[in-house]
Structures are given as structure tokens and as C-alpha cells.
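This report describes selected local features of the model shown below. It covers a surface patch, a sheet, backbone geometry and charged pairs.

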Amino acid sequence: MAELLSLEEAQKRILDRVTPLTPEVVLLAEAAGRVVFEDALAVVDLPPFASSAMDGFAVRSEDTPGRLPVVARIAAGVPAPRALEQGEAMAIATGGVVPAGADSVIPIEYVVDNDNEVEIPNTVVHGDNVRPRGGDVAAGDVVVPSGARLGAAQIGALAAAGLDHVVVARRPTISMLATGTELRRPGELLEPGQIYEANGVLLATAFTTAGADVEVLPVVTDDEASHRQALERGLAADVLVTSGGVSVGPHDLVRRILGELGVEEVFWGVAVKPGKPLAFGVRGSTLVFGLPGNPVSSLVGAEVFVRPALLALQGATVPGPVFFEGRLAASVRRNGQRDEFVRARSVASESGVLLDPVRGQESHMIARAAAADALVLVPRGEGELVAGESVRYLPLA
């Protein structure tokens with residue numbers, strides 16, 4: 001058997017085979033989770049006019065302190081009636097247009113308002129409580145750069161800057177195929193030797209959160225004809241992911257049949273636990289991942305290898321995986337041969353995130369993994385990582 005690839009080398013070989021997808025224009029309201037294909041530019045200055053940050057009075061700072069006549073009242077959404085002259089004040093609402101001639105706004109709670117006259121006891125600083133035109137962004141400036149993924153803040157910024165559509169990368173299509181004669185759909189009656197198929201919905205959920213359009217293919221039994229037909233169908237997608245059948249047993253048919261269908265196997269086997277028998281290949285522009293059948297192994301493979309590829313297909317600047325820093329709440333023994341991903345619960349503390357490994361770390365223990373919200377990376381080596389030691393972890397989507 002060839003030497004197992006390191007985690008980093010496997011990730012590099014996958015990303016080296018990614019060709020970003022073509023762009024499309026979508027409505028901003030439908031762009032959540034999409035990756036920006038080209039810089040999104042502001043249509044207008046933001047704010048598009050000098051506006052008040054407070055309910056108060058627009059004044060000339062040189063006229064303060066003093067008693068000034070209130071010559072107009074400016075509501076939000078309407079233009080100022082005229083320029084402000086020396087020795088005058090205008091009442092103004094938050095977001096209202098600051099009139100020409102005014103350079104400051106004093107909040108209403110700092111003055112004495114006598115209907116048509118306002119008394120200002122202290123000097124107002126020039127520019128106070130005025131949002132200058134273009135102070136956030138100028139028309140034509142980049143609001144969201146290419147490669148950024150659109151969340152609530154980014155979509156809100158684009159809407160405020162006047163965009164109703166955005167150019168994004170096409171969503172990758174992904175076919176998900178679980179293999180195994182022993183698999184049955186949840187809800188069906190199990191007979192001896194059978195188990196419920198969980199990887200299809202597990203992986204579809206993970207890939208959907210990475211921006212993919214997922215098709216879950218019907219489970220196939222361990223015979224060549226079923227495998228060949230399903231794999232050929234799955235290869236029409238941008239990404240094909242299989243679950244099970246990638247080891248070296250007599251019923252592990254996936255790798256051989258993929259080779260017969262023209263898939264170039266880039267590597268098989270990664271020095272990672274769980275998930276060692278992971279296969280990756282390509283046919284044309286289609287990426288092919290063969291994940292192990294054990295559910296936790298599939299989960300780790302999806303998060304560590306497939307998710308970054310899906311984001312890279314969409315042109316993400318940082319496809320990941322992006323690790324965070326935390327500290328162990330309990331000691332963990334290291335594996336001498338492989339990097340290990342330990343399922344853990346994250347707990348916020350005054351000193352940062354504490355990561356408490358869950359009981360039951362075997363690769364088939366998906367029910368135990370449901371208690372976890374993080375994958376802690378335990379680098380290969382001797383001995384153990386002790387409680388309180390700094391570690392890197394991946395949040396589970």
C-alpha cells in the first residue's frame with residue numbers, strides 16, 4: 001500500500017484540480033450564501049446626502065452657544081426647504097437631510113426648545129452628529145469584493161448601496177450516492193444484518209450549507225451493474241460524492257468501476273482518523289470523492305475535504321477549512337500515525353472557547369457525534385494533549 005497522504009497534501013491536491021464555475025446574475029434577495037464572482041460596486045454614495053445622526057437641530061457651529069430662531073422642521077425622507085442662514089436653526093429628525101449652510105446637529109436633549117426658538121447652552125463642535133455624503137462608501141467603490149460569500153451583512157450593504165442584483169458564481173451541482181446492500185431507508189422495517197442509511201441526508205445537509213445544489217441518488221446494492229449505472233449518472237454533475245465501497249474488501253466496487261468509467265484517481269488514503277480510506281479523482285471538470293461508509297468518517301471527509309472544494313468551485317477567496325483556536329477541557333491521547341479529528345462540545349468561557357470531547361469516538365458512532373458541535377484537530381504524535389492546551393478546531397455547520 002502506498003504511503004498515506006498528509007492532511008495538507010491531500011487538501012492541496014484537491015484544490016489544484018478545481019476550476020471555478022461560470023458566473024450568473026441573481027436577484028439580491030436570492031443571493032444568500034452565494035459567492036461574489038466580480039467586485040460588487042456601489043451605485044450611489046452612501047449616505048447619498050449629508051444626514052443627521054440624531055433627532056435635534058441643524059445649526060452653524062459658529063452660532064453656538066446662543067438662542068436661535070427655528071425656521072423649519074425637516075422630517076426624514078424629504079429635502080431641506082432651503083439653505084440655513086447665519087443665526088438660524090432647523091429642527092431635524094434622525095436621517096433627515098442636513099441643509100446647506102449647516103455644519104452640525106445638536107441633539108434635542110441638549111437644548112431648550114421653545115417652539116419657534118431654541119436655546120443652546122454650550123458650543124457645538126463642527127461636524128457633530130452629521131453623517132457626510134459618501135462617508136460609508138462612494139459611488140463606484142467596492143462594497144463586497146469578488147470571492148466573498150454573501151451573508152446578511154453583505155446583502156444589507158449591497159442593498160443600501162443601490163444594488164438589486166449581483167454577479168455570483170453558479171451553484172455547483174453535486175450527486176450523492178450511498179452504496180451497500182445492507183442499507184435501508186429510515187422508516188422501513190429492518191431485517192437481520194440491515195442498517196438505516198444516514199449518510200445521504202447527512203452529506204446533503206453539509207453540502208447544501210456550502211452552497212451546492214444536491215441530488216441524492218437512490219442507494220445501490222453491491223453489484224456491478226447497479227454501481228455502473230448510478231456512477232455514470234452521478235458523473236454528469238460538477239461533483240460526485242460516494243459513501244462506502246472505497247476500501248479493499250470484495251464488495252468495495254466504487255474505485256474500480258470509476259476507473260473503468262474514465263475517472264483519474266488522484267489519490268487514495270489520507271493520514272487522517274477517522275476517514276483514512278478516502279479517494280479523490282477527476283473526470284474532465286467533474287470532481288469525484290469516495291468517502292468511507294462509516295457516518296463519522298463521511299462527516300469528517302465532507303467538512304475537511306469536500307466543503308473546501310465546493311467553495312473553491314464558487315471562487316471563494318478562502319475556501320477553507322478555516323480553523324479556530326480553543327483549549328481542551330480534557331486530555332486527549334494522540335495517534336502516532338495519523339492526525340485525528342475528535343468530536344467535541346464547545347463551551348464559551350471568560351478565557352475563550354473550551355472544547356470538551358464527547359464520549360465514544362469510534363467512526364460508526366454517529367449518535368454520539370450528534371452531541372458535538374466541533375471537530376478538534378489532534379496532530380499525530382506521541383503522548384497526549386493535556387487539558388488546557390491550545391488546539392485548533394472546525395465548527396460543525
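Val318 is exposed, since its relative accessible area is 59%; exposed means over 50%, buried under 20%, and partly exposed in between, with a 1.4 Å probe and protein chains only. Val318 sits in the loop between H6 and E22. Helices (H or I, at least four residues) and strands (E, at least two) are DSSP runs numbered from the N terminus. The model is predicted: local features need pLDDT of at least 70, side-chain atom pairs count only at pLDDT 80 or more, and totals for chains, interfaces and linings use all residues. Residues are numbered from 1 along each chain as its sequence is written, and side-chain values use heavy atoms, without hydrogens and water.

**Surface patch**

Together with Val322 and Phe324, Val318 forms a nonpolar surface patch with about 270 Å² of accessible area. Such patches are made of residues with over 30% relative accessible area and no salt bridge; like charges are joined within 9 Å, and nonpolar side chains (Val, Leu, Ile, Met, Phe, Trp, Tyr) within 5 Å. The areas come from the Shrake-Rupley method with a 1.4 Å probe, and for residues only the protein chains shown count as cover.

Phe324 belongs to strand E22 and is partly exposed, with a relative accessible area of 40%. Apart from neighbours within four places in sequence, Phe324 is in contact (heavy atoms within 4.5 Å) with Val391, Arg392, Tyr393 and Pro395. Thr205 is 119 residues from Phe324 along the chain, and the C-alpha atoms of the two are separated by 22 Å.

**Backbone geometry**

The loop between helix H6 (295-313) and strand E22 (324-328) also holds Pro321. The peptide bond from Gly320 to Pro321 is cis, with omega near 5°. A cis peptide bond also joins Thr64 and Pro65, where omega is about -5°. Pro65 lies in the loop between strand E4 (56-59) and strand E5 (66-74).

Asp115, a residue other than glycine, has a positive phi near 55°. Its place is the loop between strand E8 (112-114) and strand E9 (117-120), and Asp115 is exposed at 61% relative accessibility. Asn129 is not a glycine either, yet its phi is positive, at about 60°. Asn129 is found in the loop between E9 and strand E10 (130-131) and is partly exposed, with a relative accessible area of 25%.

An open sheet of six strands has the order E16-E13-E17-E21-E20-E18, with mixed pairing. Two strands pair if DSSP finds at least two bridges between them. Strand E16 (213-216) and strand E18 (264-268) are the edge strands, each pairing on one side only. On average, neighbouring strands of this sheet are turned by 20° against each other, direction ignored.

Strand E20 (residues 279-283) and strand E21 (residues 286-291) run antiparallel and are joined by five bridges. Val282 has Leu287 in E21 as its bridge partner. H6 lies across strand E13 (173-178), strand E17 (239-243) and E21, and runs at about 170° to E21. Axes are lines fitted to C-alpha atoms, for helices over the stretch in contact, and angles run from 0 to 180 degrees between N-to-C directions.

**Salt bridges**

Side chains of opposite charge can pair when their charged atoms come close. The structure holds 19 salt bridges, each defined as a side-chain nitrogen of Lys or Arg within 4 Å of a carboxyl oxygen of Asp or Glu. The table gives some of the pairs.

| Pair | Closest N and O atoms |
|---|---|
| Lys12 and Asp16 | 2.9 Å |
| Glu119 and Arg67 | 3.2 Å |
| Glu88 and Arg82 | 3.0 Å |

Glu119 of the salt bridge with Arg67 lies in strand E9 and Arg67 in strand E5, so this pair ties together parts that are 52 residues apart in sequence. Glu119 is partly exposed at a relative accessible area of 31%, and Arg67 is partly exposed at 47%. Lys12 and Asp16 are four residues apart in helix H1 (residues 7-16), so about one helical turn separates them. Lys12 is partly exposed, with a relative accessible area of 47%.

Glu88 is buried at 13% relative accessibility, whereas Arg82 is partly exposed at 37%. Glu224, Arg228, Arg256 and Glu260 are linked in a network of salt bridges.
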